[in-house]
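The following note is intended for a colleague who is meeting this structure for the first time.

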Amino acid sequence: MAGRPILAVGGENLIDHVTRDGEVSACPGGSPFNVAMALGRQETDVHYISPISTDRWGDLLTETLRASGVVLTGGRNPAPTTMARVTVSNGVPSYRFERERTAERMITCESLRAALPDGAASVHTGSLTLTDGADAASWEAFCADCFDEGRLISLDPNVRLSVIADVSGYRDRILRICQRVHLLKLSDEDLEGLFPGQTQPQALEALRALSSARLLILTRGSEGVVAQMGSETIELPAADVPALVDTVGAGDTFTATILAALADRNALSTAALASLTRDDLILLLRRASLAAALNCGRAGCNPPSRTEIDAAST
């Protein structure tokens with residue numbers, strides 16, 4: 001991977017205790033963790049900059065990332081691992097989190113700066129990381145600093161209002177961060193959570209008006225994807241999922257595939273992102289949709305490799 005752009009990813013890492021059809025399993029997870037894993041499997045130069053617990057669950061998280069080709073720079077912390085209780089019904093997951101004083105939250109702006117690899121072209125984060133507390137404020141400040149330095153900032157808010165105490169404060173934080181990002185990917189549910197009471201076109205227009213994102217992508221499940229880049233708006237259908245198992249990690253796989261494709265094109269800069277054509281973007285979106293569909297055919301977040309995506313693309 002020498003000479004390729006470096007991607008930094010940070011945010012929650014956790015164990016998904018998944019109940020599906022009465023059976024319980026424990027799997028590594030967390031949206032940014034999943035993005036890092038998916039990037040590693042697509043052979044990008046990806047560094048995970050959040051701390052991981054030293055407990056046995058943290059060992060599993062560490063082993064999973066390393067096996068996927070991810071470089072760990074966030075270190076280990078003796079605090080416990082975050083736990084997620086996930087119930088899957090008709091392929092769709094619902095969540096409850098146990099996240100008080102856990103290892104992945106033990107960060108400051110300075111510790112993130114220390115974990116950031118030299119020459120990192122981009123930083124990606126989102127999800128629970130930005131919900132509340134001193135760690136959310138540190139992430140906001142860190143991303144703002146990286147934006148000002150010219151690094152490409154990627155955000156997937158992965159909105160979960162059901163686990164947020166201060167919803168108004170949370171919305172304000174996410175919308176502030178949206179003002180200093182280059183790539184913004186969110187789902188239709190995320191958009192509704194950020195702009196309640198508005199139609200999807202109204203909410204998209206409001207988000208577009210305040211966000212600095214050069215590329216804004218809205219995933220809509222089985223209804224496909226809408227992307228806006230400059231004056232271009234592109235709508236594509238969802239890729240087929242021949243045998244749906246569940247949707248856990250599909251959005252994270254989609255995000256990672258967009259980032260990996262940009263890295264392949266050496267387009268992890270504001271200037272390169274601005275130079276993408278409509279045809280370029282269509283290819284990126286189709287590849288990301290295909291990767292997400294492959295993930296949906298497996299239990300939990302189990303992103304496909306670069307080889308698997310290439311094979312399915314043909």
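1. Angles under 35 degrees count as roughly parallel, those over 145 as roughly antiparallel, those from 65 to 115 as roughly perpendicular, and the rest as oblique. The axes concerned are lines fitted to C-alpha atoms, for helices over the stretch in contact, and the angles run from 0 to 180 degrees between N-to-C directions. Helices (H or I, at least four residues) and strands (E, at least two) are DSSP runs, numbered from the N terminus.

2. The model is predicted: local features need pLDDT of at least 70, side-chain atom pairs count only at pLDDT 80 or more, and totals for chains, interfaces and linings use all residues. Residues are numbered from 1 along each chain as its sequence is written, and side-chain values use heavy atoms, with hydrogens and water left out.

3. Helix α10 (residues 278–296) packs against helix α11 (residues 306–313) at an angle of about 110°, and their axes are 10 Å apart. The two helices α10 and α11 are therefore roughly perpendicular to each other. Contact (heavy atoms within 4.5 Å) is made by Arg287, Leu290, Ala291 and Leu294 on the α10 side, and by Arg306, Glu308, Ile309, Asp310, Ala312 and Ser313 on the α11 side. By class, the residues of this contact of α10 with α11 are five nonpolar, one polar and four charged. Here Ala, Val, Leu, Ile, Met, Phe, Trp, Tyr, Cys and Pro count as nonpolar, Asp, Glu, Lys and Arg as charged, and the others, Gly among them, as polar.

4. Phe33, Ala36 and Met37 of α1 meet Leu61, Thr64 and Leu65 of α2. This contact of α1 with α2 comprises five nonpolar residues, one polar and no charged.

5. How many of the residues of α1 are buried? The count is 10 of 11, and α1 is thus described as mostly covered. Buried means under 20% relative accessible area, exposed over 50%, and partly exposed in between (1.4 Å probe, protein chains only). The buried residues of α1 include Ser31, Asn34 and Leu39, and the buried set packs against β1 (6–9), β3, β4 (45–48), α2 (56–67), β10 (120–126) and α8. After α1 comes Glu43, with a positive phi near 65°.

6. Thr255 lies in helix α8 and counts as buried, at 3% relative accessibility. Residues up to four places away in sequence aside, Thr255 touches Val35, His124, Ser154, Asp156 and Lys185. Phe195 sits in the loop between α6 and α7 (200–210) and is buried as well, with a relative accessible area of 8%. Beyond its neighbours within four places in sequence, Phe195 is in contact with Leu175, Ala203, Ala206, Leu207 and Leu210.

7. For the spaces in the model, a 1 Å grid over the protein atoms alone is used: a cavity is a set of points where a 1.4 Å probe fits but cannot get out, a pocket is an open set with protein on both sides within 12 Å along at least five of seven lines, and lining residues have an atom within 4 Å of a point. Grid points are joined across faces, edges and corners, and a volume is the space filled by probe spheres set on the points.

8. The largest pocket has a volume of about 1,300 Å³. It is lined by 45 residues, of which Ser187, Glu189, Thr247, Ala250 and Gly251 are the closest to its centre. Strand β9 gives the largest share of this lining, five residues. By class, the lining of the largest pocket has 19 nonpolar, 16 polar and 10 charged residues.

9. The second largest pocket has a volume of about 170 Å³. Its lining consists of Phe97, Arg99, Glu100, Arg105, Leu128, Thr131, Asp132, Val163 and Ala165, divided into four nonpolar, one polar and four charged.

10. The structure holds one cavity of 30 Å³ or more. Which residues line the largest cavity? They are Asp16, Val18, Cys27, Pro28, Val248, Gly300 and Cys301. Strands β2 and β3 (23–29) are the elements that give two or more residues to this lining.
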